[in-house]
Each structure stands twice: as structure tokens, then as C-alpha cells.
Amino acid sequence: MGPTIKKDENNLQALRRQFVLQLISGEYRGKEAFIDRDMQMLSIELDAGRVVPILLSIRNLEEKVIYSAAGAEGGTLRDKRLIIFSVCNVLEEIIREEFQGLAVPLENNEILMLLSLNGVVSEQKAGEELRRIINRSSFCLNKFMRLDGNFHVGRSGPLTEMQTGFQELENRRRNEFLDLDKTGETEEGREYNDGSGIRLEEEQRITAALRQGDAEELKEVLEGIFREIYEKNIGRAGCSQLFSDLLILSLSFCKKQGIAYEKVYGHRTGIMEYVAQLEKLKECRGFFLHLFEAVLMENRKPEYEKDYSVPVKKVISYIHQHYREGISLSDAAENAGMNSSYLSTLFKSEVGTGFVEYLNEVRLERAKEFMDTSDRKLKEIIDQSGFTSYPYFFSLFKKKYGMTPREYQKSRN
């Protein structure tokens, strides 16, 4: 028994989408009669013996949806469907000017076009016509809807073999991302870290490397991530959550450290949109290596060069000048001429940590510098760093650097 579709004039587009999904899932394999029946019922005009699949990935749909929704509550999903519906209509109009076909939405901002180049016999002519249709589609989407997309063309074949044709198209697209010459299979639906994005350990190592200015460690973590993507043949879609997490991590770190994001990301388009346009793994790797290297370099700058408000800069300057003394938030607030309660809230919102936590960070870094550059005794180093409680210093140092101060001194020697 074949697939069943019941016609409903009020939901014809949804039924056509169901028909195409059943095609690419293999439900019509070897059942030409059912294909003819359902195509006739759904008013689909195609040469069932010769169809070319084209997969369109819309790069900036999410940004377009947010802009269109204009902050209207509950409007985002509705607007997204309306935009996709409009795109499908535009594509079908372009196809049907000379040929036959349809366009239906898939998942992940993708649209599948199926078209028949009726009367075109030679492969060269077919290739020319496909390029013309794609160029016209790309132009119309960009000019009239401000949408950008990537088109991936599959091989021509009968509708009964569309499952195989679509899988080949997906595999070719995945191999294009990985920059592979092979045409072998890659595992269907494989995602980085099973779709959970960046691992906690990776996030912690990247953050620690940024804070400590450790460029080698930073590069090692990022190279390991992209090496795993390549070795496991993970496709572009399988990296979506990972790439989103990496972007959020860079944004969050810059906010906490008072780094203006335009200093590390200089492109005119939004960063999410820009990354969505990168179609090669080596392009993505290069972008993230450069991005995090820029974040690291900006974070190495003195605190007074970062983009904090004037009162917070005053507090930071005060801490760096008086960290050896027994200073408090009240002292810093008096120096800045502000209410201590308000200054505490402002400082934490801009810097990302409280006054005491920041003061301890500065003192710990100074203590570590003394260990790296001198042979002073530990008691003297603790005193020179502004700590008055030895157990407190030992506890903070081990938590930050993963070893006791004495263990660190031995490792340096």
C-alpha cells in the first residue's frame, strides 16, 4: 500500500510539503502509480522521470524575522512562516516562467526546490539553465526581500529515486563544508557533542586562556574542536549550536571585561549573520581563531584602556594603585565621589564580578608575577600582594591556578 494524502484546498501548500517529505524519505520508492495519483490530486506539474533537486539555505532569515517582528510578542514564529511562504512563492514563479516545479520548506531555514527542465536535452544546456534560474532567484530574494541564500544543486533523476538523490545532495553539501574530495557517505544527522554545543571543559579552558593571555592554550583548544569536526565528518548543520555557543562566549567575555566588541569584530554585518554565510570548515576555523585571538589581545590591554564608564575606570585605577593596602569598596567609592551601594551595582554590571572578587584577582595576578620574576619567599610575596590571611590566599590561589602556591613555585623552578 502506498502513501496516503487527502486533498484539502485550504491547506494545499502543507500537503505539497508532505508529498515532498515523503519523496525524500523513500515512501514512494518503486510506486510510480501513487506518485502520479498524488501529483494530479495536488496539481503538481513535474516530469516525474527527470527532476532536479535544489536545496536553498537562507543565511539571514533569523535576523530578518527579528527585524520584521519589531519586538511584537509571539510574532516571531508567525513572521518566519510568512517569510518562508513568500520565498517559496517567489521561487515557484521564477521556475514556472519557462519550466515546471515547486518549492517547499524543510527545517533549519532551508527550502527544497524540485524542477523539470522540459525540452532541455544536453547537460551543458541544462547546466546553463540551472545557473540562470539560481542567479535570478538569488537576485530577486536579495533585491525584494533582503534575503541571502546558498543554493546547492543535486543530480537529475526520477522522483521514485528522490530519496537517494536528496541524500547525495546532503552528502555533497557536507563534503563541501569539510572541503573533502571524496564522495563517500557521512553519517546522517551527526552533530558536534550530540547537539549540545560546546563542552563545559572546552568553555572553561577557553575562558581561562583568555583571562591569562595564554595564546598557545587558546589555539590548542580551538584547533582540537575543529579537528574533531573534520575527523568525525560533521556537517555544517551539525555545528550550528557549537558556533552559536562560541559566539555567545566571545560576546559574554568581552562584556565582562569591558571590551568594545567592534574592536574584535570589524565586519559590517551582524556577527551571527556573518558566520551563517561561512560555508567551508576552514573558513569557520579561521574566523574563530582570529576572533578569539583578537579578544585575547584586547584583554591584555591595561584596564584603563577598556570601555568602562568613568566611575568604574576610577575604581579600577584605584584598585591597581592601592591593592597592597587594606582597601574597601567604601574607600573606592569615596575616591570616585559616589554612593558605595550604587557603585557596587554599577561595577558588577560592567565588569562582571564584584569589587572584592576583582581586587582578589588583581592581588593573585601580582602574586603570580612575583613568583615568575623573583626568588622572594612566599611570606614576602603574600604581604607584597596585599593579602593578610595566609589560608585565604592559599585557597584562592589553588582555586584559580589548580595548584598550591608552593607547588607552583616548584613547577617554575
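**Entry 1: before looking**

I am reading a predicted model, in which local features need pLDDT of at least 70 and side-chain atom pairs count only at pLDDT 80 or more, while totals for chains, interfaces and linings use all residues. I number residues from 1 along each chain as its sequence is written, and the side-chain values use heavy atoms, with hydrogens and water left out.

**Entry 2: two pairs of helices**

I noted that two packed helices are described by the angle between their axes and the distance between the axes. The helices I name (H or I, at least four residues) and the strands (E, at least two) are DSSP runs, numbered from the N terminus. The axes are lines fitted to C-alpha atoms, for helices over the stretch in contact, and the angles run from 0 to 180 degrees between N-to-C directions.

I looked up helix α9 (residues 240-257) and helix α11 (residues 281-299) and found that their axes come within 11 Å and cross at roughly 10 degrees. This makes α9 roughly parallel to α11, where angles under 35 degrees count as roughly parallel, over 145 as roughly antiparallel, 65 to 115 as roughly perpendicular and the rest as oblique. On the α9 side the contact (heavy atoms within 4.5 Å) includes Phe243, Leu246, Leu247 and Phe253, and on the α11 side it includes Phe287, Phe288, Leu291 and Phe292.

I then turned to helix α15 (residues 355-373) and helix α17 (residues 390-401), whose axes come within 11 Å and cross at roughly 85 degrees. That angle makes α15 roughly perpendicular to α17. Among the residues making the contact are Glu361, Leu364 and Lys368 of α15, together with Phe393, Leu396 and Lys400 of α17. The residues of the contact of α15 with α17 divide into eight nonpolar, one polar and four charged.

**Entry 3: salt bridges**

How many salt bridges are there? I count 18 of them, taking a salt bridge as a side-chain nitrogen of Lys or Arg within 4 Å of a carboxyl oxygen of Asp or Glu.

Because lysine 400 lies in helix α17 and glutamate 361 in helix α15, the pair ties together parts that are 39 residues apart in sequence. Glutamate 361 has a relative accessible area of 27% and is partly exposed; buried means under 20%, exposed over 50%, and partly exposed in between (1.4 Å probe, protein chains only).

I also looked up arginine 205, which forms a salt bridge with glutamate 217, the closest N and O atoms being 2.7 Å apart. Arginine 205 belongs to helix α7 (residues 200-212) and glutamate 217 to helix α8 (residues 215-231), 12 residues apart. Arginine 205 is partly exposed at 27%, and glutamate 217 is partly exposed at 23%.

**Entry 4: nonpolar cores**

A nonpolar core is a set of buried Ala, Val, Leu, Ile, Met, Phe, Trp, Tyr and Cys residues joined through side-chain atoms within 4.5 Å. The largest one has 40 residues, and those with the most contacts inside it are Ile206, Ile229, Phe243, Phe287 and Phe288. The elements that give two or more residues to this core include α7, α8 and α9, while α11 gives the most, with 10 residues. Apart from this core I found another, of 28 residues, including Ile54 and Val87.

**Entry 5: two single residues**

Leucine 147 sits in the loop between α5 (123-145) and β4 (149-153), and at 2% relative accessibility it counts as buried. Leucine 147 and isoleucine 83 are 64 residues apart in sequence and 9.7 Å apart in space, C-alpha to C-alpha.

Is alanine 215, by contrast, buried or partly exposed? Alanine 215, found in helix α8, is partly exposed at 40% relative accessibility. Leaving out residues up to four places away in sequence, I found that alanine 215 touches Leu296 and Arg300.

Terms used: Ala, Val, Leu, Ile, Met, Phe, Trp, Tyr, Cys and Pro count as nonpolar, Asp, Glu, Lys and Arg as charged, and the others, Gly among them, as polar.
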